[in-house]
Amino acid sequence: MLESDDIFEEIKGAINRIPDNYKILEETIDIDVQKEFFESSKGIAIDPDTDLIPEMIARLNERDTTFEECKVLLQKLAFIDSVDAFRAIERYTKDPRPELKDWSVLSLQQSRMVLQCSLLDEQQVFISTGLGGKNNKLRYYFIFPYNQPEQTLTKIQEDLLVNELAFFMSKHEGEVEFTEFGKRYATSMILIPLKAPIPDIIREVLNECNQYGNFLSSDVMVTNMKKLGNEEILRIIDHYEVPEPF
């Protein structure tokens, strides 16, 4: 694999230290938006004398409130231990300004964590990636380059990869959302439990498939940051440049 097993071992060690009360952000949100949200959250200060919940909620829903003001209002409401603040963000998330859809989702998740910390009296762990997840599973984008640069797979080879992915992923409680085939590579979007042994699963898939023609390269690429475009994938394959997996 292009990503070394050492990297996966480091990631596995970090994952194993995560407590069982973690929550995964299910929505697919651009990683740059997430970074901006969490970085700007560090500068959020709430004044109990002036940052009154009813007034902030009203201001959030007024038409003349600017884009930047809405972002700050959502973050302030998200950090207040209040059911009213949570419900206000929840309502806003159902019909937000289009450009604030992702921001409102992150605010809602933050608000939910604040309430849970207060009610349960324990620290909550929040896991977010660019591709999101579902329940206890993270979403990963797999790229399977073919062994021959200009190769196109036969229908039998395509079906073999689809079937082996479904079989070995299901063994580890994974879920294949789709598999697509191109001229030089195949891609697949897969939900995998947080602590599943990804390198081992990939090796199993490759070993089974390559018994029938050795058509898949061992240099499989995996990311949970974003779905890559064709030009980006070809550039990585051609220059052996691997994107950061996490």
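**Confidence and helix packing**

Tutor: Among the elements of the protein, helix H1 (residues 5–16) has the lowest mean pLDDT, 59, and strand E5 (residues 175–181) has the highest, 96. pLDDT is the predictor's confidence in each residue, from 0 to 100. Helices (H or I, at least four residues) and strands (E, at least two) are DSSP runs, numbered from the N terminus.

Student: What does the protein average in pLDDT?
Tutor: The average is 86, and 86% of the residues score at least 70. Over residues 241–246 the pLDDT is below 50. That stretch still has 20 contacts in the model beyond near neighbours in sequence. Contact means heavy atoms within 4.5 Å. Where pLDDT is low, the predicted coordinates should not be read in detail.

Student: On to helices. At what angle do H5 and H6 cross?
Tutor: Roughly 155 degrees, with the axes of H5 (residues 83–94) and H6 coming within 9 Å. Axes are lines fitted to C-alpha atoms, for helices over the stretch in contact, and angles run from 0 to 180 degrees between N-to-C directions. H5 is therefore roughly antiparallel to H6. Angles under 35 degrees count as roughly parallel, over 145 as roughly antiparallel, 65 to 115 as roughly perpendicular and the rest as oblique.

Student: Which residues in H5 meet H6?
Tutor: Val-83, Phe-86, Ile-89, Glu-90, Tyr-92 and Thr-93. Their partners in H6 include Val-105, Leu-108 and Leu-115.

Student: And how do H2 and H6 cross?
Tutor: The axes of H2 (residues 31–41) and H6 (residues 101–120) cross at roughly 50 degrees and come within 10 Å. H2 and H6 are therefore oblique to each other. Among the contact residues are Phe-37 and Phe-38 of H2 and Trp-103 of H6.

Student: What about H3 and H5, how far apart are their axes?
Tutor: The axes are 10 Å apart, at an angle of about 5 degrees. That makes H3 roughly parallel to H5. Ile-53, Ile-57 and Leu-60 of H3 touch Asp-84, Ala-85, Ala-88 and Tyr-92 of H5.

Student: New topic. How many salt bridges are there?
Tutor: The whole structure has 13. A salt bridge is a side-chain nitrogen of Lys or Arg within 4 Å of a carboxyl oxygen of Asp or Glu. One of them joins Lys-76 to Asp-51, with the closest N and O atoms 3.1 Å apart.

Student: Where do those two sit?
Tutor: Lys-76 is in helix H4 (residues 67–78). Asp-51 is in the loop between H2 and helix H3 (53–60). The pair links distant parts of the chain, 25 residues apart.

Key: Residues are numbered from 1 along each chain as its sequence is written. This is a predicted model: local features need pLDDT of at least 70, side-chain atom pairs count only at pLDDT 80 or more; totals for chains, interfaces and linings use all residues. Side-chain values use heavy atoms; hydrogens and water are left out.
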